[in-house]
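Let's take a walk through this fold together, one region at a time. Have the viewer open and turn the model as you read.

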Amino acid sequence: MTQKYPSSSQFRRELDRGRLDRIYLFLGEEEGEKDKFINLITGLVLGGSDDPSGSVGRFHAENDELMQAADFALSQSMFSNSRLCILRNVEAMKNPRSSERLFSEMIDDLPESTRIIMTSANNRPPDFIPAGLLDKMKIVQFWRYFDRDLYNYVRINARKNGVDMDDRAIDLLIELTGKDIRKIDDALDMIKYSGESRAVDSEIIRSYISDVKEVSVYDFLDLLFKRDRMAFRYFKKLMDDGTPELLVLGRILWQAELLEKYHAQISDGALPDEAMKNCGVTTRNRDNFLAYARTMPADRIRPLFFHIGRADARIKSGSYSTLASNPLFDLVHDVVSGNDQLIYKTW
């Protein structure tokens, strides 16, 4: 008889009550929902730490990274009292039988300060894990959403975010995201932070979710520094295409430094053409650059550098897994929305 494990909704109620276990095994095909719970547990374990660097280890069993995961889980940290080891796709572990001893050691000898989250795409635990070890794990079942469940999920979360979305728009959003809860969340976040004031219909859904055929980092920068809401859509396309976040961040920093230099020269009495020439702005780019300077005055450039530095640290720590939790998404939101309290925003 198949063992019945608690569902994600039951598990959420436990977390809301503050109950944290030390070893988790997440089963099932709903990867996006797993990611949400991994992020939630990470926040609870680290207690809102701004610098998770060294406190979270992320490993993939299908890439033969059990040894690295075990080294991380069993070692003590000099800098953090709480650590979290995430080992994905344990069902795809290479040579599981030969790895049983190391896997058992990782579970049995886990330090009190460390927690482990393991995931499996299957609906039952891997055969190589003995019953004695399964008894030490909190096992949660992540079932695929039915269409009606997805519809209700979108409708409820859209309303929570103050977004008015009609039935056809909801159906289209679900269709275009392939019923992937992670992509649905990303789409809802993009629409929410874009500041759309009109009722969201099918046309708006297509404009935010349908692919932009070809997008360069320079296309994205142009929209970002003009504070155009289309920057959200271009940013998503860059991420979907696998563009490295640090490359994008480097170009944002480069443009911010040019604007800082330009504003400093204007403040010292230089005329716009002279200032742009001194900054190395080419003739064909001057109209665009002047538009950036108008939408991003000096008092908005200075706090931007602070957050570029914070985004750089978070990107290198790898402490995010969704579009909305990507440090660059926060940066895009703050620039486009014209948030004057950039420097005080909690990341």
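Before we look at the sheet, one term: two strands count as paired if DSSP finds at least two bridges between them. Keep in mind, too, that this is a predicted model.

Five strands form an open sheet in the order S2-S3-S4-S1-S5, and their pairing is parallel. At the edges stand strand S2 (56–60) and strand S5 (138–141); each has a single partner strand, so one side of each is left without a neighbour in the sheet. From one strand to the next, the twist averages 15°. In general, strands of a sheet pair through backbone hydrogen bonds, either parallel or antiparallel.

Now zoom in on one of these pairs. Strand S3 (residues 83–88) and strand S4 (residues 114–120) run parallel and are joined by five bridges. To find your place in the pair, pick Leu87, whose bridge partner in S4 is Met118. Helix H4 (residues 100–108) packs on the sheet, where it touches strand S1 (23–27), S3 and S4. The direction of H4 makes about 135° with that of S4.

Next, move along the chain to helix H13 (residues 272–279). Which of its residues are buried? They are Ala275, Met276 and Cys279. Looking down the axis of H13, you will see these buried residues fall within an arc of 95°, so they line one face of the helix. What do the buried residues of H13 pack against? Their partners are helix H12 (245–267) and helix H14 (286–295). Just after H13 comes Gly280, which takes a positive phi of about 85°.

Let's finish in helix H14, where you will find Thr295. Leaving aside neighbours within four places in sequence, Thr295 is in contact with Phe225, Lys226, Arg227 and Arg300. Take Lys226 from that list: Thr295 and Lys226 are 69 residues apart in sequence, yet 6.0 Å apart in space, C-alpha to C-alpha. For Phe225, look at the backbone oxygen, which lies 2.5 Å from a polar atom of the Thr295 side chain.

Definitions and conventions
Residues are numbered from 1 along each chain as its sequence is written. This is a predicted model: local features need pLDDT of at least 70, side-chain atom pairs count only at pLDDT 80 or more; totals for chains, interfaces and linings use all residues. Side-chain values use heavy atoms; hydrogens and water are left out. Buried means under 20% relative accessible area, exposed over 50%, partly exposed in between (1.4 Å probe, protein chains only). Helices (H or I, at least four residues) and strands (E, at least two) are DSSP runs, numbered from the N terminus. The arc is that of the directions from the helix axis to the C-beta atoms. Contact means heavy atoms within 4.5 Å. Axes are lines fitted to C-alpha atoms, for helices over the stretch in contact, and angles run from 0 to 180 degrees between N-to-C directions. A polar contact is a pair of N or O atoms within 3.5 Å; within protein, one must be able to donate a hydrogen and the other to accept it, and residues adjacent in sequence count only if both atoms are side-chain atoms.
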